Amino acid sequence: MADLEFNFRTGKVSIDYSKCKTCQSYACVKACSLFGTTLYRLEKGKPVLMSSPEETGRRCIEDLTCELYCHSHGNKGLTIELDMFGLEEYRKQRGLK
Ligand code: SF4
């Protein structure tokens, strides 16, 4: 179960604060401020949203750098799930489960 989640147009961001506790870089916050629209800020040593989850989802430009930087420079606490548009229909057409 994630401690922080928000949906954006094509997916979902989840953050596990147990990983953030020992993070030394807060790379997610930095990446979003450099490449995205500054959705996060630090509060008591963890990333929190600058606005409501709904507003955050609307402001997200889906650059995905929060996850890339978290996994390359942070403590792997942030994950992004992306929809696979058309996958169900494709599997049905192919007779796959
Ligand atoms: S970079 Fe990853 S582990 Fe570090 S604070 Fe951000 S989400 Fe947590």
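Modeller: Accessible areas here come from the Shrake-Rupley method with a 1.4 Å probe. By that method the accessible surface of the chain comes to about 6,500 Å², and 53% of this surface belongs to carbon and sulfur atoms. Note that the model is predicted.

Biologist: What makes a residue buried, and what share of the chain is buried?

Modeller: Buried means under 20% relative accessible area. Of the 97 residues in the chain, 31% are buried.

Biologist: Why is one set of residues called a nonpolar core?

Modeller: Its members are buried residues of types such as Val, Leu, Ile, Phe and Tyr, joined through side-chain atoms within 4.5 Å, and therefore the set is called a nonpolar core. The largest such core has 19 residues. Phe6, Val13, Ile15, Tyr40 and Leu78 touch the most other members. Elements giving two or more residues to this core include strand E1 (4-8), strand E2 (11-15), helix H2 (27-35) and strand E5 (78-82).

Biologist: What is Leu78 in contact with, leaving aside its neighbours within four places in sequence?

Modeller: Contact means heavy atoms within 4.5 Å. On that basis the partners of Leu78 include Val13, Ile15, Tyr40, Cys66 and His71.

Biologist: How many helices and strands are there, and in what pattern?

Modeller: The chain has five helices and five strands. Along the sequence they follow β-β-α-α-β-β-α-α-β-α.

Biologist: Which side chains count as positive or negative, and how far apart do the centres of the two sets lie?

Modeller: Lys and Arg count as positive, Asp and Glu as negative. That gives 15 positive and 13 negative side chains, with the centres of the two sets 4 Å apart.

Key
Residues are numbered from 1 along each chain as its sequence is written. This is a predicted model: local features need pLDDT of at least 70, side-chain atom pairs count only at pLDDT 80 or more; totals for chains, interfaces and linings use all residues. Side-chain values use heavy atoms; hydrogens and water are left out. Buried means under 20% relative accessible area, exposed over 50%, partly exposed in between (1.4 Å probe, protein chains only). Helices (H or I, at least four residues) and strands (E, at least two) are DSSP runs, numbered from the N terminus. The place of a charge is taken as NZ of Lys, CZ of Arg, CG of Asp or CD of Glu.
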